[in-house]
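Subject: Structure for you, with notes on its aromatic rings

Hi there,

Here is the structure I said I would pass on.

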Amino acid sequence: MWPALVLAVLSGLALLVSFPPYGLWWAAPLGVAGLALAVHGRRLRAGAGLGLITGLVFFAPLLSWTNLHVGYAPWLLLAVFQATYLLLLGMALAWASPLAARRPGLWPPAVALLWTAQEALRDRAPFGGFPWGRLAFSQDDAPTLMLARLGGAPLVTFAVALAGGLLAAAWLALRPAAADPAGSAAGPGPARPVGGPRRGAVAAYAGAALAVVGVGLAVPAARPDGAPVTVAIVQGNVPRLGLDFNAQRQAVLNNHARATVDLARRVAAGETARPDLVIWPENASDIDPLRNIDAAAAIDEAATAINAPILVGAVLSGPGAGQSRNAGLVWLPRQSTYGPPAQMYLKQHPVPFAEYLPLRPIVEPIAQAITNQAKLLRTDFVAGTAPGVLTLGPAKVGDVICFEVAYDDVVNATVRSGAQLLAVQTNNATFDVAEATQQLAMVRLRAVEHGRDSLMASTVGVSGFVTADGSVHDATEFNTEAVVVRQLRLGTGSTLATRVGAWPEAAAALGAALVLAGAGVLRRRRKRGA
């Protein structure tokens, strides 16, 4: 087992460094191959343990930004829980090992289908899932990114996992004892030698892996065909990073209002182009401007100075006692300082255990004991029910708030509802630059997936523009005040990925079920033969 244990650890490390801030995207297929080889021919119990090891080595450092201000317990619990999905994947890969012996050509796509199905489950369960760490989100600089235009994040994950499965098959073909996974039916033990290395098969599998990685180069990037619009992102920054950014809410609002007024002065002086619309980040106003006249006046002063609509990230009180709403408000110049705005988007996917507590009577005492942050647990954010398509000047902006960018259905519904460009409002003041760059990688995938120029506006960074080919422009530094202005193009068409929606992932889940069923048939046949 020692070589398998080492391989499981190396697999987790390879997956980790494929993501920002490391950005070694080519390591992701190596991580997939490592886990597939580690569990190959093992019993289900061993496959589960090896998958768990890979998951812990991967998720614990990947999600380390969650422990910055609430202690180690929530971080470790989240990492362990996410790792259990790779535990299940390790079991599934071990169960499917007979395919490598009897149907070696089917094993690489089987690996890809099982990996994609595992992500589909993790993205949805429980409490709406947590898609952080999907293979697709490691490919922001890779040729495979362009496959998102055809089948979204699931197709990118499938391609990366397929390349990994092909590399694993090449290694098995290289080994003299490659053909008969021993523990699949009759019990544990070493594989029986059945011949020498098959160099032709090795070359074919390795060449196919390179072809899968490079096929995205043949997919042209979408080019938005709409009118140009000038967009400004205001990153007002916060006095201090950490959970108490909320206690600094007046200063945070003032920072964004002042930075917007300063932008208006530069526009008047001819130093920069006049924006058609301005984007403020999530939590730019944690003082409810619909109930607080001073907050409304500060926003109105900024909108009037720049003479353009502002998309304001705000926390609204209510509708009930102990409830809040995470909102994007369209604030027009010279808008009345009281009353609801003409347009508003409410975040549809609040984060469990961060923005609301599932099963509150049971979970709250435990959460308070673990986090020692009882004051943060008193309010539940209420989910919105409609996609965030808002008209700001000449543009229909698709508003996506923070972690919603990781969820396929939220972004897809926003584009299908008429969004001409995507704006991701986020607040990274409680995290770090690693989390911010991982989130920006998701924005890059969404831009390619839906053929929309996009942007990410953060309170503290990283903010920036992303064109429909996935390129990043004018990215800001972390924990600084910044204002960036750029011309984007509105998109009116739809990509194949936008049109097919969740069907590729559903097909992968069905394919994974067939793989497991087929492996079960092979196991029964071998057991009878034994």
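The notes below are about how aromatic rings pair up. Please keep in mind that this is a predicted model.

In total, the structure holds 12 aromatic pairs. One of them joins F19 and F58, whose ring centres are 5.6 Å apart, with 40° between the planes, so the pair is classed as tilted. What does this pair tie together? F19 sits in the loop between α1 (2-17) and α2 (27-39), while F58 belongs to helix α3 (residues 44-62), so the contact ties together parts that are 39 residues apart in sequence. F19 is buried, at 3% relative accessibility. F58 is buried too, with a relative accessible area of 3%; the cut-off for buried is under 20%.

Another pair is formed by Y72 and W75. This one is also tilted, at 5.8 Å centre to centre and with 50° between the planes. Both residues are in helix α4 (residues 72-95), and because they are 3 residues apart there, about one helical turn separates them. W75, at 14% relative accessibility, counts as buried.

Finally, there is a cluster to look up in the viewer: ring pairs link W65, F130, W132, F403 and F431.

Happy browsing, and do write back with any questions.

Best wishes

Key. Residues are numbered from 1 along each chain as its sequence is written. This is a predicted model: local features need pLDDT of at least 70, side-chain atom pairs count only at pLDDT 80 or more; totals for chains, interfaces and linings use all residues. Side-chain values use heavy atoms; hydrogens and water are left out. Rings of Phe, Tyr and Trp (its six-membered ring) pair if their centres lie within 6.5 Å; planes under 30 degrees apart count as stacked, over 60 as edge-to-face and the rest as tilted. Helices (H or I, at least four residues) and strands (E, at least two) are DSSP runs, numbered from the N terminus. Buried means under 20% relative accessible area, exposed over 50%, partly exposed in between (1.4 Å probe, protein chains only).
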